[in-house]
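Subject: Handover of a structure and its findings

Dear colleague,

Please find below the structure that I am handing over to you. My notes on what was found in it follow directly after.

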Amino acid sequence: MNRRTLINWFLGTSIGALVLSVVYPVLRFMTPPKIAEANTNQVEAGPVNDPQLLEKGYKIVHFGADPVILLKASDNDFRAFSATCTHLDCIVGYQKEKTQIYCNCHGGCYDLQGRNVAGPPPRPLTPYKVNLVAKGSEPSLIVVSKA
Ligand code: FES
């Protein structure tokens, strides 16, 4: 192997490595990961006395790949709806002081039955079923399932 061949080989592999180091991350970024969607019929949403529920009045739980908003309307009155706004798919929140579900994106509002009452959302939120599972005499665990 003479010097010219060695330099050509070195430059060729260097350029090839440079191209690969740029192209590979770009392709990985553009290709979504293959994550199997969870086939879920119910999820445990935590204890009845969850500090987040007591403080903010709501929490977001994941029902497979779908976010679900779990509300504490009163002592043992829990409600759950799809947390995806029916307008443009933003994640909704809960305004405890106004007792309404709201969407920050465009000011959409829903009542505690999930009905769209103000703003641009065209449809109500999809309801989920909430069950309280008792351990002992008091309900202690919240289970959310498809309605
Ligand atoms: S996305 Fe919720 S109001 Fe527009």
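Gly-108 is found in strand β7; strands (E, at least two residues) are DSSP runs, numbered from the N terminus. This glycine is buried, with a relative accessible area of 2%, where buried means under 20% relative accessible area, exposed over 50%, and partly exposed in between (1.4 Å probe, protein chains only). Leaving aside neighbours within four places in sequence, Gly-108 is in contact (heavy atoms within 4.5 Å) with residues including Ile-101, Tyr-102, Cys-103 and Pro-121. Between Gly-108 and Pro-121 the C-alpha to C-alpha distance is 5.8 Å, although the two are 13 residues apart in sequence.

Please note that this is a predicted model, in which local features need pLDDT of at least 70 and side-chain atom pairs count only at pLDDT 80 or more, while totals for chains, interfaces and linings use all residues. Residues are numbered from 1 along each chain as its sequence is written, and side-chain values use heavy atoms, with hydrogens and water left out.

I turn next to the sheets. Four strands form an open sheet in the order β5-β6-β7-β8, with antiparallel pairing; two strands pair if DSSP finds at least two bridges between them. Because β5 and β8 (116–118) stand at the edges with a single partner strand each, one side of each is left without a neighbour in the sheet. Neighbouring strands of this sheet are turned by 40° against each other on average, direction ignored (axes are lines fitted to C-alpha atoms, and angles run from 0 to 180 degrees between N-to-C directions). Three bridges join β5 to β6, and Tyr-94 has Ile-101 in β6 as its bridge partner.

A further open sheet is made of six strands in the order β1-β10-β9-β4-β3-β2, again with antiparallel pairing. Its edges are β1 (42–47) and β2 (58–63), each with a single partner strand, so one side of each has no neighbour in the sheet.

The interior may be described through its nonpolar cores. A nonpolar core is a set of buried Ala, Val, Leu, Ile, Met, Phe, Trp, Tyr and Cys residues joined through side-chain atoms within 4.5 Å. The largest has 14 residues, and those with the most contacts inside it are Ile-69, Leu-71, Val-92, Tyr-94 and Ile-101. Strands β3 (66–74) and β6 each supply at least two residues of this core. Not counting residues up to four places away in sequence, Ile-69 touches, among others, Tyr-58, Ile-60, Phe-81, Val-92 and Tyr-94. A second, separate core of 13 residues includes Val-43, Ala-45, Phe-63 and Ile-142.

Finally, the cysteines. How many disulfides does a search of the whole structure find? There is one, a disulfide being a pair of cysteine sulfur atoms within 2.5 Å. It joins Cys-90 to Cys-105, with an S to S distance of 1.9 Å. The pair links distant parts of the chain, 15 residues apart: Cys-90 lies in the loop between β4 (77–82) and β5 (93–95), and Cys-105 in the loop between β6 (100–103) and β7 (108–110). Cys-90 counts as buried at 18% relative accessibility, whereas Cys-105 is partly exposed at 39%. Cys-109 is in no disulfide, and the nearest cysteine sulfur, that of Cys-103, is 9.0 Å away.
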